[in-house]
Amino acid sequence: MHKFLICMNIQELSEQEQIRRKSLEDLRNLGINPYPAAEYKTNVFAQDILDNFSQEKNNFQDVCLAGRIMSRRIMGNASFAELMDSSGRVQIYLRRDDICPGEDKTMYNTVFKHLLDIGDIIGVKGHVFKTQMGETTVHVREFTILCKSIHPLPIVKEKDGKMYDAVTDHEMRYRQRYIDLIVNPRVRDVFRKRTQIVQSMRELFNSRGYLEVETPILQPIPGGATARPFITHHNTLDIPLYLRIANELYLKRLIVGGYEGVYEFSKDFRNEGMDRTHNPEFTVMEIYIAYKDYNWMMTFTEEIIKKAVLDLHGKTEITYGEKVINLNPPYKRISMLDSIRENTGVDIMGMDEAGLRKVCERFEIEHDPTMGKGKLIDSIFKEKCEFTLVQPTFIIDYPAETSPLTKMHRTKPGLTERFELFINCKEIANAYSELNDPIDQMERFQDQLRLSEKGDDEAMFIDLDFVKALEVGMPPTSGMGMGIDRLTMLLTDQPSIQDVLLFPQMKSIIQKAVLESQKEEYLGLGIPEEWIDPLKKLGYTTVSKLKEVEKAGKLANDLNGYNKKNKLGLTGLSPEAVGKWLK
RNA sequence: GAUUUAGUAGCUCAGCUGGUAGAGCACAUCCCUUUUAAGGAUGGGGUCCUGGGUUCGAAUCCCAGCUAGAUCACCA
């Protein structure tokens, strides 16, 4: 464990932070613990009050709730504030003489009005009423400080759905997600929906009797996909291990083992570029079901998506940005070659590598000599077809070269029984009739090896134990993987994968350790104690840096300037006096 | 990795044809007994991202770096 020494010089805190720390002290001096230990029993949530309070019923007359103060409007002897809990915000109303029925008005005049701030967490007891303006409000008779916040929050105000001063800075939103979640309620909602999506899928799978499993994240061979992995090292075994790029080969081993349906929500890791749709760690749902083929899986995929969107929105039509997308099945099914023909007018059926290169040249699609047939076709498809696939579409029957784990097509030579589901021009799911012929599988792995020798650095690793599992015998199986992050983006209308990951990967900010000389070293040079801090502030954090100073006059000038600017009230320094320090 | 835009108060941003740092909200003090992005008065608060350069003088111009966003490349 590294140990960081953090010097919290009170002068480095902003004025607002200093004031809050002072309030903390004042609370303690009044005998109030700003961080109490005891359980605080609430009996209601804010949203519940807003939804269900009625003046006729006169309900909610003895409520207790807890939350964060999000705004305050303090008047003379009465105040309004907004309290936010996990469900939402409700207005609270405090009157001095309710809070303080006796002579001592400290709890209202001092504690509430002066020592509490926006961001503090309090619990309140009281009854619900409607103000003259018609807003449902909790009339507080007693409040308890549950947590003092000493870091000022951004103030976001809202009227008629319009946000004022909303926190939009991505860096703050992602690095300090806790602040984002506090001040942007819609962000909290996105992550609730993400969990609902996962829950919806899990319910469907469990109702079919499929088994949720966990497979290794640390793998000796990063198989099941083609991507550059993260590598790590196990000390005791003294072997390299990889963070999984996929879990496919493990789930298929479980089908060999006798389960008929297995699935996993799997965090996978790929050591590649980052952009709006890629994060180094991401979540994929993979499911494998015995005795099914990819046709069955297409229908099942439609069912999964339809259930998720209905559970989330209650309808199948969604909007993503400007686009309206209807997720009601059945989805269009078209073979990859037909899709290319529709969009280019060229039939590449049976075309050899040289012919495909000519097609690429004709449409000015980038290609290079390391690319085989499969990759060339893939490039043409990406360039000419993908952008047309806004409404959900199954692209089926992929070339064998880029599908080394897929069963050959039952009737179309050179192609495999594979589909990808595209929605909003993005790949959402990928599925096969799984290759279960061990001899064929071994040959496909060896083809991959040849591709990697040809210079394709994305070719697959060979997993011999997986081949052995196929030798034992895997029933005909269909498997499907679905990108949970991208599906969530789609169903919550978010533009970036970072907006559906609570803690997206960010470049860490390296804080340089600043070497500082001890106070005694400065004193030893004849420097008065009161000038040490200003010197450090001006960058002379070590006495050796002082030795490099050439002009004593300039340093004296800088110090006097600092003194004046910060109103330290120190007696000015002469260049001669400073010159003596430097000798 | 390439191109490009941005980084100024706690937050949102203005200032950028170089000449002493600004606004709104927030904060502090005061007035106000049901207010609504409350109002009024006064006040405090800044390493203008970092480091160089040009200049009498740089938030502003130039170069480099850091961080972030966008586009592209990479990533089936």
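This is a predicted model: local features need pLDDT of at least 70, side-chain atom pairs count only at pLDDT 80 or more; totals for chains, interfaces and linings use all residues.
Residues are numbered from 1 along each chain as its sequence is written, chains are lettered from A and ligands numbered from 1 in the order in which they are written, and side-chain values use heavy atoms, with hydrogens and water left out.

Let's start with the barrel. Helices (H or I, at least four residues) and strands (E, at least two) are DSSP runs, numbered from the N terminus. Five strands form a closed barrel in the order 1-2-3-5-4, with mixed pairing; two strands pair if DSSP finds at least two bridges between them. From one strand to the next, the twist averages 55 degrees. If you'd like one pair to look at, take strand 2 (residues 78-84) and strand 3 (residues 89-95), which are antiparallel and joined over seven bridges. There, A78 sits opposite R95 of strand 3.

Now to the salt bridges. I mean a side-chain nitrogen of Lys or Arg within 4 Å of a carboxyl oxygen of Asp or Glu. How many salt bridges does that rule give? The count is 38. One network of them links R20, D117, D120 and K148.

Let me show you R173 and D499, whose side chains form a salt bridge at 3.5 Å, N to O. The partners are 326 residues apart: R173 belongs to helix 5 (residues 170-175), while D499 is in the loop between helix 15 (484-492) and helix 16 (519-524). Are they buried or exposed? For this, buried means under 20% relative accessible area, exposed over 50%, and partly exposed in between, using a 1.4 Å probe and protein chains only. R173 is buried at 13%, and D499 is buried at 7%.

R173 also has a neighbour worth a look. N184, in the loop between helix 6 (177-183) and helix 7, is buried at 9% relative accessibility. Leaving aside residues up to four places away in sequence, N184 touches M163, V167 and R173; contact here means heavy atoms within 4.5 Å.

Next come helix 7 and helix 15. R194 and D485 form a salt bridge at 2.8 Å, N to O. This pair spans 291 residues, with R194 in helix 7 (residues 185-207) and D485 in helix 15. R194 is buried at 14% relative accessibility, and D485 is buried at 2%.

The contact is made by V190, K193, R194, I197, V198 and M201 from helix 7, and by I484, D485, L487, T488, L491 and T492 from helix 15.

One last pair: K307 makes a salt bridge with E203, with the closest N and O atoms 3.0 Å apart. K307 is in helix 9 (residues 294-313) and E203 in helix 7, so the bridge ties together parts 104 residues apart in sequence. Here both partners are partly exposed, K307 at 22% and E203 at 44%.

Terms used: Axes are lines fitted to C-alpha atoms, for helices over the stretch in contact, and angles run from 0 to 180 degrees between N-to-C directions.
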